[in-house]
Amino acid sequence: MVAKFGGTSVADYDAMNRSADVVLADPNTRLVVLSASAGVTNLLVSLSEGLEATERFVKLDALRKIQFDILERLQNPNVIREEVERLLENITTLAEAASLATSTALTDELVSHGELMSTLLFVEIMRERNVQAQWFDVRKVMRTSDRFGRAEPDVEALAELTNQQLAPRLADGIVITQGFIGSEAKGRTHHAWSRRQRLHRRAAGRGPACNARGYLDGRSGHLHHRPARRFCG
């Protein structure tokens, strides 16, 4: 049995615990699929649109507060603190890149961090109850087309990969994974929110998703005055 929880159901520590109660009330539940915590996706989408430094830092602080308000209430927050910090650092780097050159590919990559963080936190809440729960990156099985902002699932590949990589784990405990996220054959991330966001941007007359101001290379830290090809989908 699969249990799916939206953003308000994993909005904070107490909400996550109520959702954990629901999961544990049915012993047949083996797979739990989560959205990002309430408010997180909106913050990430805003960051992906390219913000000036002051506004960007306000959004990043708000995002950090949502996640750390949950993290600090865990019995053993240090178990996942480093991983949460790493994801927040990724978000900061991608948000800075978006301030220089926006794209649907960058949006997909950036927005996916919401579900990655919520599932990471939820696993620890389950483990606090002595439940054998394991985190699973759904991108290993959710194969999609390579059209950023409008990717479609490859149902045949999804079924095959699920049988190979996800199904065997269900016998070992409860699996916690992400909703809305997928990846194409080359491993690049797609997020379902991006399609709606792209349509909204077009309707608002905001022009193409990728501009030519330049981008920040997150690995080298160098500023390049040309579009980031990786993120220009």
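**Briefing: core, sheet and helix pair**

Ile91 touches Leu44, Leu47, Leu60, Leu63, Leu110, His113 and Met117, leaving aside residues up to four places away in sequence. Touching, or contact, means heavy atoms within 4.5 Å. This is a predicted model: local features need pLDDT of at least 70, side-chain atom pairs count only at pLDDT 80 or more, and totals for chains, interfaces and linings use all residues. Residues are numbered from 1 along each chain as its sequence is written, and side-chain values use heavy atoms, with hydrogens and water left out.

**Core**
- The largest nonpolar core has 55 residues, and Ile91 and Phe122 touch the most other members.
- Helix 4 (residues 78-98) gives the most to this core, with nine residues.
- A nonpolar core is a set of buried Ala, Val, Leu, Ile, Met, Phe, Trp, Tyr and Cys residues joined through side-chain atoms within 4.5 Å.
- Buried means under 20% relative accessible area, exposed over 50%, and partly exposed in between (1.4 Å probe, protein chains only).
- Helices (H or I, at least four residues) and strands (E, at least two) are DSSP runs, numbered from the N terminus.

- Four strands form an open sheet in the order 1-2-4-3, with parallel pairing.
- Strand 1 (2-5) and strand 3 (133-135) are the edge strands, each pairing on one side only.
- Neighbouring strands are turned by 25 degrees against each other on average, direction ignored.
- Helix 1 (residues 13-25) packs on the sheet and touches strand 1, strand 2 and strand 4. The direction of helix 1 makes about 165 degrees with that of strand 1.
- Two strands pair if DSSP finds at least two bridges between them.
- Strand 1 and strand 2 pair in the parallel sense over four bridges. Here Lys4 stands opposite Val33 of strand 2.
- Four bridges also join strand 2 (residues 31-34) to strand 4 (residues 174-178), running parallel. Leu31 has Val175 of strand 4 as its bridge partner.

**Faces of strand 1**
- In a regular strand the side chains alternate between the two faces of the sheet.

**Helix pair**
- The axes of helix 2 (residues 40-48) and helix 3 (residues 53-71) come within 10 Å and cross at roughly 155 degrees.
- Axes are lines fitted to C-alpha atoms, for helices over the stretch in contact, and angles run from 0 to 180 degrees between N-to-C directions.
- Helix 2 and helix 3 are therefore roughly antiparallel (over 145 degrees).

Definitions and conventions
Angles under 35 degrees count as roughly parallel, over 145 as roughly antiparallel, 65 to 115 as roughly perpendicular and the rest as oblique.
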